Amino acid sequence: MQYDDKSRVEKAKKRAVVKQTEARNRVELFRHLPQYEHGTQLPDLETKFFELDPMHPAVYKVGLQYLSGDIRGGNARCIAMFQAFKEAIKDYSTPPEKTLIRDLTARISSYVSFLIECRPLSISMGNAIKFLKNRIAKLPLALSESEAKSTLMLDIDRFINEKIILSEKVIVKHAVTKIRDGDVLLTYGASSVVEMILLHAHELGKHFHVVVVDSRPKLEGQLLLRRLVRKGLSCTYTHVNAVSCIMQDVTRVFLGASSVLSNGTVYSRVGTACVAMVAHAFHVPVLVCCEAYKFHERVQLDSICFNELGNPDAISKVQGRKEINYLDGLVNQENLQLLNLIYDATPSDYVSMIITDYGMIPPTSVPVIVREYRRDHLWS
Amino acid sequence: MWWRSASFILDRQQEQNTSYPPNPESLLLSSPPPSMADSLQNPKPDISAYYQTRAAHHAVVTSDWLSQAQAAVSLQTNDDVSSGSDGRVAPTGGGTGGDNKTFSVIDEFNSWRKQPDLAEAVAAIRALAAVIRASQATTMMELEIELKKASDSLKAWDATSISLTAGCDLFMRYVTRTSALEYEDFNSARYRLIERAEKFGEISYKARRIIAMLSQDFIFDGCTILVHGFSRVVLEVLKTAAENKKHFRVFCTEGRPDRTGLRLSNELAKLDVPVKLLIDSAVAYTMDEVDMVLVGADGVVESGGIINMMGTYQIALVSHSMNKPVYVAAESYKFARLYPLDQKDMGPALRTIDFGVPIPSKVEVEKSARDYTPPQYLTLLFTDLGVLTPSVVSDELIQLYL
């Protein structure tokens with residue numbers, strides 16, 4: 001939904017569970033994206049926990065976790081959402097005079113709109129929901145309610161197992177062949193797949209050095225850094241401002257992705273495009289690791305038409321450093337607009353290879369995978 | 001990159017002094033002729049047998065010999081098939097597989113490989129087809145296992161040849177990918193497999209003609225073509241163009257250390273095609289006069305790039321910077337599921353280089369025989385599947401392997 005369309009926004013507000021207040025200074029270029037005040041919804045929702053009738057408590061809980069930022073990362077969000085849906089399906093019973101298929105689909109749609117209000121869906125979650133709705137629609141009518149429910153739960157388990165967990169293992173297996181002794185590997189942010197690749201390569205006894213590049217306001221790289229250092233890998237930590245200085249010593253760049261689009265564009269955490277461009281300028285190969293269920297048929301040419309806006313206060317304040325909070329008191333001025341983008345789009349020219357569970361493919365082959373395998377496996 | 005730092009160089013020197021005392025004589029010898037009657041173990045595992053064979057072919061064979069060999073091949077094929085089927089299927093009597101061990105896929109492969117006109121991958125395919133024919137298996141699983149073992153032993157025999165590995169893999173996919181085989185009894189299924197194997201061998205063999213015909217549109221009257229390396233496909237393309245009475249001239253690079261340019265210029269002179277020989281360093285100098293670059297390929301990788309004789313990458317870079325198109329003529333069985341990220345990301349394929357004068361033992365020699373050309377420097381690929389852009393290679397590989 002485009003948020004600069006006033007009538008639709010009004011309608012959506014009436015149906016909403018979460019009371020969002022619009023951000024005071026909205027960035028003009030991004031009016032089509034939802035921009036809300038952060039920090040006001042969570043206490044409000046917590047008090048309403050036992051009052052909300054149509055919402056299943058597991059889904060509610062997951063929504064709150066998204067809102068507070070406890071669960072982050074495409075895979076983690078998708079798995080958490082599916083676990084919540086499994087609980088909801090388990091407790092579901094068809095109301096009288098309604099068919100299971102239609103009613104359950106409507107129920108899932110209402111859960112999904114609640115989750116969207118908490119935090120806009122990632123592309124991995126969108127694909128997963130499409131899969132679930134497809135599975136529900138394909139249920140044979142003759143099945144009893146309990147059989148239908150157990151079939152659905154088995155399907156969800158199978159999806160999580162095959163498309164997320166096993167495919168991560170396959171990606172790690174392929175990626176580890178591209179790491180040689182003496183390599184200096186650079187990674188940005190905290191991608192779950194890249195972490196697994198580095199740890200596995202270390203277990204195999206390869207000698208390499210890792211450079212973790214991080215950026216404000218999320219500082220996700222510190223999470224990854226901590227886990228790597230604990231396992232004994234030799235690491236360097238730096239911020240994205242210094243990436244052009246450090247890139248001369250780097251031999252490979254491993255990046256994760258939220259999604260890969262049909263024209264080979266990699267849609268990932270903001271800052272990934274910078275790292276990929278600098279790597280390209282230094283002729284360092286960029287390897288993007290992404291599971292195939294995150295691929296999307298959409299084509300995106302820039303980072304503006306589809307994105308997510310985060311909490312503007314996070315960039316105006318620096319935690320724990322009172323002396324440099326120069327924007328204190330200035331935040332509400334009309335001529336100041338704070339922009340905290342969450343994602344950006346990296347053009348396919350800067351990507352050398354995409355490692356998926358279907359093997360190592362060039363970025364131009366993403367639509368081939370979408371064409372051949374979505375139809376057979378995911379939506380069948 | 002830190003492995004260019006001083007400490008790294010010191011470490012490497014230490015390693016080299018302790019484990020590899022260099023032998024001064026080995027640098028003086030030119031490549032010894034490969035023994036044709038190879039046992040199952042490749043006698044020189046660190047020198048790429050593939051490149052040695054090619055060197056031998058380039059050095060020894062003249063075109064008259066080539067045409068005689070071709071004629072002999074067509075006769076020999078018939079003989080070989082009949083003798084093969086008679087001599088090997090005969091001991092089918094109720095015995096176990098024990099007496100069939102005399103049939104070795106490596107021997108069969110080597111006998112096919114002797115023919116200079118036959119590509120190595122096609123020889124492998126024909127050898128594998130012979131394995132099916134000579135097989136004593138009684139079930140489909142057994143036959144597949146035998147085939148897999150034979151394919152693995154062929155691949156292990158020379159691990160540096162990409163077209164050999166790719167050809168074996170493709171053959172296995174092509175032949176065993178049938179679901180209709182489940183419904184028939186074993187003998188008719190085996191017969192079907194043999195048919196498919198022969199067909200695949202035929203297609204691969206005829207691939208050169210198809211490529212030659214497809215590339216005719218790109219050679220226009222008055223054009224100048226730069227050729228690097230001695231590819232039989234490229235030779236076929238130029239031969240067909242000459243037969244079609246096109247007026248063009250060819251620049252051949254010398255192609256050190258194999259001297260491929262000398263061979264090629266010899267062949268082209270016989271066809272009355274104007275040929276000019278250049279030393280490898282003169283490519284940039286003459287690139288202004290060139291209209292297109294035509295090369296073959298040892299292997300086509302998943303990114304759409306090619307692996308070819310050393311020097312191809314250089315020429316592609318120069319042509320790209322001067323906006324000249326680079327065309328690659330390669331059969332489809334050379335498509336391999338490799339994805340090199342840079343020059344060092346491939347398995348090494350070394351061959352000894354003879355400089356003509358003794359080199360002191362302290363001096364290192366870059367012995368790699370091949371390099372990788374990334375897809376952004378290639379314009380089009382002429383294959384038996386059609387005229388393709390480099391990004392389509394991955395499409396074809398996905399459709400074939402997944």
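Modeller: Start with A:R269: its bridge partner in strand 8 of chain A is A:Y343. Strands here are DSSP runs (E, at least two residues), as helices are (H or I, at least four), numbered from the N terminus. This is a predicted model, where local features need pLDDT of at least 70, side-chain atom pairs count only at pLDDT 80 or more, and totals for chains, interfaces and linings use all residues. Residues are numbered from 1 along each chain as written, chains are lettered from A and ligands numbered from 1 in written order, and side-chain values use heavy atoms, without hydrogens and water.

Strand 6 (residues 266-269) of chain A runs antiparallel to strand 8 of chain A, and four bridges join them. The open sheet has three strands in the order 5-6-8, with antiparallel pairing (two strands pair if DSSP finds at least two bridges between them). Its edges are strand 5 (259-260) and strand 8 (343-346) of chain A, each pairing on one side only. Helix 11 (residues 272-281) of chain A packs on this sheet. That helix touches strand 6 and strand 8 of chain A (contact: heavy atoms within 4.5 Å). The direction of helix 11 makes about 30° with that of strand 8 of chain A (axes are lines fitted to C-alpha atoms, for helices over the stretch in contact; angles run from 0 to 180 degrees between N-to-C directions).

Now the side chains. Eleven aromatic pairs are found over all chains (Phe, Tyr or Trp rings, the six-membered one for Trp, with centres within 6.5 Å; planes under 30 degrees apart are stacked, over 60 edge-to-face, the rest tilted). A:Y267 and A:Y343 form a stacked pair, 5.0 Å centre to centre with 25° between the planes. The two residues are 76 residues apart, A:Y267 in strand 6 and A:Y343 in strand 8 of chain A.
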